Amino acid sequence: MTPPWVHRVAFPVALLLLGLLALTSLAVGDMRLSPARIVSGLLHRDELAATILWNIRLPRMLVSVMVGAALASSGLVMQAYFRNSLASPGLLGVTSGGAAGAVVIIGLGWASASIFVLPVAAVVGAMFSTSVVIMLARRGASTERLLLAGVALNALLGAVTSYVLANFTLSYERNARILFWLLGGLEDRTWEHVFMASPILVAGALLWPLGRPMDLLSLGSREAQSLGVDTKRLRRSMLALSTVLTALATAVAGTVGFVGLIVPHLLRLLVGPEHRRLVPLTLIGGAAFVLACDLISRSAGGLRVGIVTSLIGGPFFLWLLRRQA
Amino acid sequence: MTALTVTNASVSGRITDVSMALAPGMLAGLVGPNGSGKSTLLQVAAGLLPATGGVSWSGREVDEILIPERGRLAAWVPQEARFEFGFSVRSVVAQGRYARGDDECGVDEALQQLDLTALAHRPVNRLSGGERQRVMIARALVTEAPLQLWDEPLAPLDPRHGIEVLTHARRLTRAGSTVLFSLHDLRAAYCLDFVVVLHQGRLRAAGPPEEVLTPELLMEVFGVRAKQSLGLTLELP
């Protein structure tokens with residue numbers, strides 16, 4: 001069992017870690033900025049630092065934070081929903097659904113019509129994947145069933161993406177944008193992306209009060225209902241929130257895999273399975289994880305954040321499978 | 001007023017036209033061969049499975065009771081609990097208080113009653129089948145619900161814990177609650193106030209065990225011959 005002191009320090013430690021990573025994310029780059037210069041830049045007292053921070057690093061940092069929080073919490077919610085610790089938006093094909101939606105819209109050249117087009121297309125694509133997985137899981141959400149559904153969906157949506165790439169007459173710029181989705185990256189994020197991702201904050205806040213009923217649900221839907229949880233409403237909210245969170249994250253950063261699997265898992269090992277603690281910690285932990293992966297990708301020169309999360313996530317997933325067996 | 005009334009309940013392919021009523025303070029058993037519809041009837045009675053016909057608790061139609069209030073009025077124990085996550089035994093038992101403000105009232109007492117105090121901080125997913133069942137019964141006890149519906153609570157338990165669970169059920173009914181549980185041990189059924197017999201999804205008989213569990217019925221429903229003999233009698237020291 002987790003010692004009580006871990007519960008006491010987990011939240012402040014996670015916040016401190018997130019703060020440090022956020023500060024580092026603002027400080028490092030082609031031109032290093034000291035904490036003092038960061039403050040001056042943010043207050044427009046140092047114009048060069050202000051330009052770097054306000055135009056490049058601050059939006060990138062904020063997008064990273066929101067993407068990480070969204071993907072990790074979405075994974076946590078799916079694990080509670082399916083009562084399966086291997087469920088995550090990436091493995092179930094929800095991320096691919098969001099990316100395929102976005103890719104089709106970019107391919108058709110509609111992405112620039114309005115800043116809402118891309119997130120909406122990603123939500124529609126993610127919803128498609130979620131509904132297919134739900135249909136399959138109705139007859140029992142065993143690990144094998146869920147993962148195979150994910151394999152099939154990822155293959156199908158991958159085919160959609162390849163079709164767009166191969167058969168649309170695309171400009172170089174559109175092709176580059178599509179590749180961006182497939183690799184998942186946080187480069188050149190602007191305030192428009194911050195704005196696009198900002199509903200993540202609302203969805204994250206809406207998850208907060210669901211923590212306790214999620215504890216009951218994760219031990220069985222009928223069991224939870226017998227204890228007074230309106231499971232129909234709860235499950236609907238959980239699905240809607242997790243799908244929207246994944247889709248928005250995908251709309252601004254492309255396919256960034258494994259965050260929804262790794263972060264809730266590590267935190268569960270650390271503080272136990274209770275969602276009242278896990279929901280806020282996963283939001284913070286996910287943000288910190290993606291910030292850290294983005295820092296690695298920046299220091300490794302050209303390594304996209306999606307590649308970094310996959311390099312960490314792939315072996316982690318194999319370790320998990322071995323542990324479960 | 002009855003504590004539980006089921007009127008002409010049917011669930012396609014599982015139970016047909018079942019009607020039964022239990023008076024408050026009754027310790028009742030639900031018996032029948034495998035696949036006779038016991039679990040289905042318990043879930044219908046608990047308001048967890050949609051069925052045609054009606055279910056009422058203390059004269060109130062279940063469909064008209066809001067779900068949070070249902071959590072205070074009836075407790076249900078599943079036949080087999082599946083735990084994916086390692087919640088502690090204590091936290092699972094405390095979930096029984098969800099509909100009553102999520103306090104921890106009576107949790108330690110229930111842990112003690114079900115002999116779980118030593119396991120309180122163990123993860124539930126590492127317990128044996130019998131231990132898990134005791135956790136689920138403890139969770140049902142802390143709800144303080146006046147109607148307790150348990151699906152085969154005794155099946156995975158060793159003799160001592162089985163007798164203890166029966167003793168707790170009896171204590172609850174003396175305090176005014178009503179307990180209905182399914183069981184396969186027909187000898188244990190003779191200790192109850194009331195027995196409901198299901199056969200192929202239909203109600204075959206209901207009433208006091210000595211009137212209902214006749215050799216003819218046992219032969220017809222279970223295909224066993226009843227024989228009176230001096231066997232082993234177990235009781236708590």
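Which residues does A:V259 touch, not counting residues up to four places away in sequence? Hello everyone, let's start there. A:V259 touches A:G68, A:L71, A:A72, A:P264, A:F289, A:V290 and A:T309, where contact means heavy atoms within 4.5 Å.

A quick word on the ground rules. This is a predicted model, so local features need pLDDT of at least 70 and side-chain atom pairs count only at pLDDT 80 or more, while totals for chains, interfaces and linings use all residues. Residues are numbered from 1 along each chain as its sequence is written, chains are lettered from A and ligands numbered from 1 in the order in which they are written, and side-chain values use heavy atoms, with hydrogens and water left out.

Back to our valine. A:V259 sits in helix 13 of chain A; helices here are DSSP runs of H or I with at least four residues, numbered from the N terminus. With a relative accessibility of 0%, A:V259 counts as buried, because buried means under 20% relative accessible area, exposed over 50% and partly exposed in between, using a 1.4 Å probe and protein chains only.

Now let's zoom out to the helix itself. Helix 13 (residues 259-271) and helix 14 (residues 275-299), both of chain A, have axes that come within 9 Å and cross at roughly 125 degrees. Those axes are lines fitted to C-alpha atoms over the stretch in contact, and angles run from 0 to 180 degrees between N-to-C directions. That makes helix 13 of chain A oblique to helix 14 of chain A, since under 35 degrees is roughly parallel, over 145 roughly antiparallel, 65 to 115 roughly perpendicular, and the rest oblique. On the helix 13 side of chain A, the contact includes A:V259, A:I262 and A:R268, and on the helix 14 side, A:G285, A:G286 and A:F289 are among the residues. By class, this contact has 10 nonpolar, three polar and one charged residues; Ala, Val, Leu, Ile, Met, Phe, Trp, Tyr, Cys and Pro count as nonpolar, Asp, Glu, Lys and Arg as charged, and the others, Gly among them, as polar.

Staying with helix 14 of chain A, we find A:D294 there. What is its relative accessible area, and is A:D294 buried or exposed? A:D294 is buried, at 1%. Leaving aside neighbours within four places in sequence, A:D294 is in contact with A:R60, A:S64, A:L186 and A:V305.

Here is another helix pair. Helix 5 (residues 117-137) and helix 12 (residues 231-253) of chain A pack at about 135 degrees, with their axes 8 Å apart. Helix 5 of chain A and helix 12 of chain A are therefore oblique to each other as well. Their contact divides into 11 nonpolar, two polar and no charged residues.

Next, a look across to chain B. A:S226 lies in helix 11 (residues 221-226) of chain A and is buried, with a relative accessible area of 7%. Beyond its neighbours within four places in sequence, A:S226 is in contact with B:L48, B:G71, B:A74 and B:W76.

Last, the cysteines. A:C293 is buried at 1% relative accessible area, whereas B:C105 is partly exposed at 42%. The count is zero disulfides over all chains, a disulfide being a pair of cysteine sulfur atoms within 2.5 Å.

Conventions:
Helices (H or I, at least four residues) and strands (E, at least two) are DSSP runs, numbered from the N terminus.
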